[in-house]
Amino acid sequence: MNKTRKFISVLMTLSIITVVLAGCGQNESAATKLSDRAVIQDKEFGGVYIDITIDEFNDMGFEFGDGVDITFSNGYELKNIPYYNGYYTQPGDALLVGYPGYPHIEAAICNGPSLWKELGLVEGDFAEITLVKKGEYLNIQEARDIHYQDDRSRYPDDATFANFRSVKAGNIRENTLYRSASPCDNQHNRAPYTDDLAEEAGIDLILNLADNDEKINGYKEKSDFDSPYFWSLYTEGNVIPIALSANYGADDFREKLANGLREIIKKDGSILIHCTEGKDRTGFVCMLLEALCGAGYEEIENDYMITYENYYGITTETDKDKYDTLVDEVMIPMIRVFADDKNVDVKKADLSPYAEKYLKQSGLTEEEIGKIKERFGPPGRG
């Protein structure tokens, strides 16, 4: 219980903001409040459902991007947390989410431990939600609430549609490391295109960050599976599935990634890294390897943000505000997972030592890390 209270005290350091409505002298939060609704355990992910649908909650006057307080009947509180329609907070931060398809709104910890357990909730407890400030987090909501089309005809070429490209940052040798959307999971209609591009590039080895063997075999049984090159690599033992979460700092994530990298250094040839979209898990692993191989911040940003151009058309020219918000709220926090010195300026620092430290903490030896650098870097350089 002491551990739980310590955890909650950290969440409660978020500022409490009171807003007075202009012209009426009335506290806005007093006018928008959900009282005494039952809490329900999300047994799959550990979040806390609150017994009201997303539409019903929004009809009360709550909007995505608002800041809210949540008070639970056992005495715990979450102060001024964001209400989003996706998991847009940093890993370990609390939020209220109205995720499309969820039966209720849900309080959760983004890519973190079970909020239900951390709060010590039981069936029969209830929650009260109060609006603190309208639009407190609207800039992040608008920057992150972006959607792409799964229709190939809407994209200029196959590589853009498949988010397929060679990684060229730092000392990484040309045509050695590639990244993309999934070449086997066709939920976004991209797998056959990615598969063709992988074959054209002569990919020898795939590090699959999203799936395990069970999922891969499930894709093979679907009627829309059309990835013969991927399947040939898989049956030859040249696909390494490690099924990562998106919690980059978690022990489980580190351990699985370390195991995958150990397999990579046992084999020769070009490597494709992918998750589902080739965006976040792939982005993190690629920026880690880029930093390890001597890439500076600008190179890492340029490579990572190509994904947002490919999928959403977001560049500094088309929408600089949204681009900058994505860099500040998504990309830089990912770098800070391994560059974990709060005093370091990640835009100016040599990031290679931080990447090495992260990999050592993940269980890799100095010798293994040296082999990874040799695997991707120029001949004769470790």
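1. This is a predicted model, and the notes start with a charged pair. Lysine 266 and glutamate 263 form a salt bridge, with the closest N and O atoms 3.0 Å apart. Lysine 266 is exposed because its relative accessibility is 61%, over the 50% limit. Glutamate 263 has a relative accessible area of 29% and is therefore partly exposed.

2. A salt bridge also joins aspartate 340 and lysine 357, whose closest N and O atoms are 4.0 Å apart. Aspartate 340 sits in the loop between H13 and H14 and lysine 357 in helix H14; the two are 17 residues apart, and the pair links distant parts of the chain. Both ends are partly exposed: aspartate 340 has a relative accessibility of 43%, and lysine 357 one of 41%.

3. Where do the two ends of the salt bridge between arginine 179 and aspartate 303 lie? The closest N and O atoms of this pair are 2.7 Å apart. Arginine 179 belongs to strand E9 (residues 177-180) and aspartate 303 to helix H12, so the bridge ties together parts that are 124 residues apart in sequence. Arginine 179 is buried, at a relative accessible area of 1%. Aspartate 303 also counts as buried because its 9% relative accessibility is under the 20% limit.

4. The count of salt bridges comes to 19. Among the charged residues, Glu63, Asp66 and Lys134 are linked in a network of such bridges.

5. Glutamate 301 deserves a separate check. This residue lies in helix H12, which spans residues 297-312. Glutamate 301 is buried but has no salt bridge. Leaving aside residues up to four places away in sequence, glutamate 301 touches Tyr323, Val327 and Met331.

6. Which residues touch the most other members of the largest nonpolar core? They are Ile273, Phe284, Tyr308, Ile335, Phe338, Leu351 and Phe376, out of 65 residues in that core. The elements giving two or more residues to this core are strands E10 (205-208) and E12 (271-274), together with helices H10 (251-264), H11 (281-292), H12, H13 (320-338), H14 (352-361) and H15 (366-376). H13 supplies the largest share, nine residues.

7. Phenylalanine 338 can be followed through its contacts. With residues up to four places away in sequence not counted, phenylalanine 338 touches Phe284, Met287, Leu288, Ala291, Leu351, Tyr354, Ala355 and Tyr358. There is also a second, separate core of 37 residues, which includes Tyr76, Val97, Cys110 and Ala127.

8. The buried residues are Glu368, Ile369, Gly370, Ile372, Lys373, Arg375 and Phe376. These buried residues pack against strands E9, E10 and E12 and against helices H10, H11 and H14.

9. Strand E3 (residues 67-72) and E4 run antiparallel and are joined by four bridges, with isoleucine 70 opposite leucine 78 in E4. E3 and E4 form a hairpin with four residues between them, and glycine 75 in the turn has a positive phi of about 105°.

10. Strand E4 (residues 77-84) pairs with strand E5 (residues 94-97) in the parallel sense, over two bridges. The bridge partner of tyrosine 83 in E5 is leucine 96, and that of tyrosine 84 is valine 97. Is E4 mostly enclosed or open? Seven of its eight residues are buried, so E4 is largely enclosed by the rest of the structure.

Note on methods. Residues numbered from 1 in each chain as written. Predicted model: local features only at pLDDT ≥ 70, side-chain atom pairs only at ≥ 80, totals over all residues. Heavy atoms only, no water. Buried < 20%, exposed > 50% of the residue type's maximum accessible area, 1.4 Å probe, protein only. Lys, Arg positive; Asp, Glu negative; His and termini not counted. Salt bridge = Lys/Arg side-chain N within 4 Å of Asp/Glu carboxyl O. Contact = heavy atoms within 4.5 Å. Core = buried A, V, L, I, M, F, W, Y, C linked by side-chain atoms within 4.5 Å. Pairing = 2+ DSSP bridges.
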